[in-house]
Amino acid sequence: QRDRGRVRVTLGFILAMLVPAVLQLLLLALNPDQNIATAVLVQLSGSVAVALIGGLWPAILAALWSSLLVNYFSTPPVGTLTISDPQNLLALLVFVGVSAAVAVVVDMSARRSKEAARARAEATTLSDLARSASGADDMVRALLEQALGVFQVRGAAIFSLIDSPGDGGASAANGRKWSLLASAGDLATGETERGGADGENIEEIDATTRLVLFGRILPASDRRLLGAFGVHLNAQLERQQLAASRREMLRLAESNTIRTSILRAVSHDLRTPLAGIKLAVGGLRHDGARYTPDEQQELLATIEECSDRLDGLVGNLL
């Protein structure tokens with residue numbers, strides 16, 4: 001009965017009281033001397049119609065009400081609820097049983113049809129998820145915008161837990177708070193800060209990520225489809241993380257290549273002044289060598305010149 005909704009069930013109970021009475025009036029107007037078989041068949045069709053609209057319990061009520069009408073207007077003695085012929089009593093009992101059985105079958109058939117239609121709609125929606133979002137630049141936002149239309153809500157957002165040394169309010173848990181990753185539709189400031197609360201549609205994507213829909217509360221029949229959206233969003237988030245990691249690795253590899261090329265290019269220029277410094281210092285420190293003051297000044301000048309050159313190279317490199 002919950003699958004049909006309160007409006008249809010209420011309408012079914014109203015029709016359960018009206019339809020048998022209207023059919024009985026039509027029988028009296030068209031054929032005042034109708035037999036019990038005709039009345040039973042006509043009233044059975046009314047019970048089936050009530051079952052199609054209101055479900056099982058309204059149809060059973062219609063069957064009981066119809067049996068009373070058939071008994072009063074079509075079963076001798078007419079005008080009373082007394083049944084003189086046991087066969088007529090058996091006919092009424094069979095009518096009630098058949099009406100109840102037909103109501104059960106019709107109700108189950110209607111419910112299975114509705115479940116099949118819902119399953120087809122879910123399958124169509126799921127097949128459209130990847131196809132509709134695959135051509136978008138931002139697949140996560142495209143999926144959130146699609147969720148707005150599928151679930152008829154005003155806003156959709158993805159939140160992630162981050163470390164928070166703050167006040168530890170309602171939006172925080174053990175020093176962490178919810179941070180907005182992506183959103184679509186109409187979201188209020190308070191909603192983006194608390195990351196979803198009781199009474200809202202929350203789908204836990206993983207331990208630190210959740211999908212929240214703002215607006216109407218989804219029925220239980222839509223929870224499975226909401227979970228499917230969560231799975232697709234999780235896949236897209238992981239894909240974004242992999243793409244970001246790949247870009248970072250490429251950047252680091254490119255930076256490392258540049259550094260290696262620079263070091264190779266300047267290695268010769270760095271070694272040349274170092275070799276001059278080392279040669280001049282080695283000559284000055286050699287015990288067996290005797291240098292004139294001019295030669296010593298020349299070696300010291302070489303050391304100073306090579307040091308200045310080396311300092312310039314290092315400065316340019318930095």
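Analyst: In this predicted model, a residue is termed buried when its relative accessible area is under 20%, and exposed when that value is over 50%, with partly exposed in between.

User: Why is Arg 210 called buried?

Analyst: The relative accessible area of Arg 210 is 12%. Buried requires a value under 20%, so Arg 210 is buried.

User: What makes the contact of Arg 210 with Glu 204 a salt bridge?

Analyst: The side chains of Arg 210 and Glu 204 meet at 2.9 Å, N to O. The cut-off for a side-chain nitrogen of Arg and a carboxyl oxygen of Glu is within 4 Å, and the pair therefore qualifies as a salt bridge.

User: How many salt bridges does the structure hold, and which residue pairs with Glu 145?

Analyst: There are 3 salt bridges in the structure. One of them joins Glu 145 to Arg 141, at 3.3 Å from N to O. Both residues belong to helix 5 and are 4 residues apart, about one turn of the helix.

User: How do you know that Glu 145 and Arg 141 are partly exposed?

Analyst: The relative accessible area is 42% for Glu 145 and 37% for Arg 141.

User: What makes Glu 248 and Arg 251 a salt bridge?

Analyst: Their closest N and O atoms are 2.6 Å apart. This meets the requirement of within 4 Å, so the pair is a salt bridge. Both lie in helix 7, 3 residues apart, about one turn of the helix. Glu 248 is partly exposed at 37%, as is Arg 251 at 45%.

User: Which residues does Leu 233 touch, and what is its place in the largest nonpolar core?

Analyst: Leaving aside residues up to four places away in sequence, Leu 233 touches Val 140, Leu 143, Leu 144, Ile 158, Ile 205 and Leu 211. The largest nonpolar core has 20 residues, and Leu 233 is one of those that touch the most other members, as are Val 140 and Phe 151. Elements that give two or more residues to this core include helix 5 (139-151), strand 1 (155-163) and helix 7 (223-285). Helix 5 supplies the largest share, 6 residues.

Conventions: Residues are numbered from 1 along each chain as its sequence is written. This is a predicted model: local features need pLDDT of at least 70, side-chain atom pairs count only at pLDDT 80 or more; totals for chains, interfaces and linings use all residues. Side-chain values use heavy atoms; hydrogens and water are left out. A nonpolar core is a set of buried Ala, Val, Leu, Ile, Met, Phe, Trp, Tyr and Cys residues joined through side-chain atoms within 4.5 Å. Buried means under 20% relative accessible area, exposed over 50%, partly exposed in between (1.4 Å probe, protein chains only). Contact means heavy atoms within 4.5 Å.
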